[in-house]
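Welcome! Please take a moment to look over the sequence and the model below, and then we can walk through a few places together.

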Amino acid sequence: MTKNYFPEGFLWGGAIAANQAEGAWDIEGKGLSVADVARFKPDVSVKDYQQQWHVDEQSIAAAIAEKGTANYAKRRGIDFYNRYEEDIALFKEMGFNVLRVSIAWTRIFPNGDEDQPNEAGLDYYRALFTELRDNGIEPLVTLSHYEMPLHLVTHYQGWVSREVVDFFAKFCRVVFEEYKSLVTYWLTFNEIDSVFRHPFTTVGVVEERYPDKASAEAAIYQALHHQFVASALATKYCRKSNPQVQIGAMVTKLMTYPENCHPENVALAEKANRENHLYSDVQVWGAYPQWILNEWKEKGIEIQMENWDLATIKLYTVDFLSFSYYMSLVVSKDADQREKVSGNIATGVKNPYLPMTEWGWQVDPIGLRTSLISLYDRYRLPLFVVENGIGAIDTPDAHGEINDQYRIDYFKAHFEQINLALKEGVDLMGYTSWGCIDIVSASTSQMSKRYGFIYVDADDYGQGTYNRKKKKSFAWYQKVIASNGADLD
Ligand code: BG6
């Protein structure tokens, strides 16, 4: 049996996002966000995530006209807004010492471009963070988790517009000042690398506004540059508000394997991994790698930069690197002739050695170990796993119990691999499982795709009591935390 390498003081907990959990989409001054536009499509196709994420002008107009929540599950969430005290009590019972949440920008600045913040929104998060602290749980707060104000899309060009950098910087200054004594750990942009996978939710880019694919691509890179600058500015203001706090970047770790040892396949995998590293390279090293500058030149993409942009990116690099990990990918020079799998838009060649979830995500615990080791070797910065988990259909049995042994097996396998990475010397601050309580799915807006240790009685159409119930995995995770990762049985 391998020795337990989880360090003293390890942060154990779970993660949620405002737009998938809070509900209360239109109260106390909250503005519409890009998440409030996500329409639930009953014919969910795991083969075509693109269709799930896609938003055009027509769907934006329809969402603005629609004042109800029936087709817009993220407007309902799980009513965390009103039930957070009950939920935090359950997290405390599980032994959490950290909870990852996000601040809905639209509760603080409903349109994003106001002069003054909305006091009701500030009060809400003060109460939430205080409740967490009173229960011995550190808030780990994401500043932007797919929930920018919709107004910045309808009246600007999302993150392509330079003004949005200033609006975001102002939002950051306000929340850092407000919560400097309550929050120790911040994250800037959730999965900043999803700009190309789903540009609308990530950077507010409506692709059909651009005449062709090439100009849409250039616009997305421009928006990405603005987010890199904004991330650096957030880091700057965060440190100014309280030098004791730590701020991290957040990326999707997509480990890519070659189909076999054919040098061309190995080169393809190298390229994919390099591309996946672009986002952390910029935020950790403070500079664009040469390959992307070459690529922009070749494609004729000219990124508009202010004089001080590159210096800002260089000066204000992050304290730690956090990431989500759900799956690995495979590339092949013969991809056309291979069966494909598509997990949440990251499409690859099917890996015959890995099992797949009901949503087509290939489960690969060893990939988490190799990801941790390669990221640590690359950056030598503390790491934080802030998303990992399995989306599954949980069916209560005749007694209403949820025996989610498959979830326990999933986590056990991943924790064993984390332990092996720790043995290799990786510096890992903590682990927050994704959707520790069932929430609305980001990609499909389903409630039936569940990740939690806590079941929420609601269906895809918002029917149900919204009562909470512990699943079998609840007691298991409680035991894992109590033993600091030693007892995984
Ligand atoms: C990550 C997102 O990509 O994956 C989360 O940061 C999301 O917001 C999670 O919920 C799981 O994806 P999904 O589509 O199953 O909810």
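A residue is called buried when its relative accessible area is under 20%. Keep that cut-off in mind as you read on, and remember that this is a predicted model.

## A tryptophan in strand 4

Let us begin with Trp 186, which sits in strand 4. Is Trp 186 buried or exposed? Its relative accessibility is 2%, so Trp 186 counts as buried.

Which residues does Trp 186 touch, apart from those up to four places away in sequence? The list includes Ile 103, Val 141, Leu 143, Val 175, Phe 176 and Tyr 179. Also among them are Cys 238, Val 245, Gln 246, Ile 247, Gly 248 and Phe 320.

## Around the ligand

Next, turn to the ligand. There are 15 residues around it, and those that come nearest are Glu 191, Ala 442, Ser 443, Lys 449 and Tyr 451. Sorted by class, this shell holds six nonpolar, six polar and three charged residues.

In the side chain of Ser 443, an N or O atom is 2.5 Å from an oxygen atom of the ligand. Ala 442 takes part through its backbone, where a polar atom is 2.7 Å from a ligand oxygen. Asn 190 has a polar side-chain atom that lies 2.9 Å from an oxygen atom of the ligand. How much of the ligand's accessible area does the protein cover? On its own the ligand has 380 Å² of accessible area, and the protein covers 98% of this.

Glu 191, one of the residues that come nearest to the ligand, is placed in the loop between strand 4 (185-189) and helix 10 (199-203). Its relative accessible area is 8%, so Glu 191 is buried. The backbone of Glu 191 deserves a look as well: phi is positive, at about 40°, although this residue is not a glycine.

Glu 191 is also in contact with Glu 387. In an unreviewed entry, UniProt lists Glu 387 under "active site". Where does Glu 387 lie? You can find Glu 387 in strand 11, which covers residues 383-387. With a relative accessibility of 5%, Glu 387 is buried too. Leaving aside neighbours within four places in sequence, the contacts of Glu 387 include Arg 100, His 145, Asn 190 and Met 250. Phe 323, Ser 324, Tyr 325, Tyr 326, Thr 432 and Trp 434 are also among them.

## Asp 438 and its arginine partner

Asp 438 belongs to the loop between strand 12 (428-434) and strand 13 (454-456). Its relative accessible area is 0%, so Asp 438 is buried. Which side chain does Asp 438 join in a polar contact of 2.7 Å? The partner is the side chain of Arg 450.

Beyond its neighbours within four places in sequence, Asp 438 is in contact with residues including Ile 78, Met 447, Tyr 451, Gly 452 and Lys 471. Tyr 451 is one of the residues that come nearest to the ligand.

Helix 1 (residues 18-21) contains Asn 19, which counts as buried at 9% relative accessibility. The side chains of Asn 19 and Glu 147 make a polar contact at 2.7 Å. Ala 35, Lys 74, His 145 and Tyr 146 are also among the contacts of Asn 19, and His 145 is in contact with Glu 387 as well.

Asp 79 is found in the loop between helix 4 (73-76) and helix 5 (80-94). Its phi is positive, about 60°, although Asp 79 is not a glycine.

## A tryptophan in helix 17

Our last stop is Trp 476, in helix 17 (residues 472-482). Trp 476 is buried, with a relative accessible area of 5%. Its side chain reaches the backbone oxygen of Leu 488 at 3.0 Å.

Trp 476 also touches Ile 408, Phe 411, Lys 412, Phe 415 and Asp 489, among others. Ile 408 is 68 residues from Trp 476 in sequence, and 7.2 Å from it in space, C-alpha to C-alpha.

Conventions:
Residues numbered from 1 in each chain as written. Predicted model: local features only at pLDDT ≥ 70, side-chain atom pairs only at ≥ 80, totals over all residues. Heavy atoms only, no water. Near = heavy atom within 4 Å. Polar contact = N/O pair within 3.5 Å; in protein donor to acceptor, adjacent residues only side chain to side chain. Areas by Shrake-Rupley, 256 points an atom, 1.4 Å probe, with all protein chains shown as cover. Nonpolar A, V, L, I, M, F, W, Y, C, P; charged D, E, K, R; others polar. Helix = DSSP H or I, 4+ residues; strand = E, 2+ residues; numbered from the N terminus. Buried < 20%, exposed > 50% of the residue type's maximum accessible area, 1.4 Å probe, protein only. Contact = heavy atoms within 4.5 Å. UniProt positions renumbered as here; feature names shortened; annotations may be inferred.
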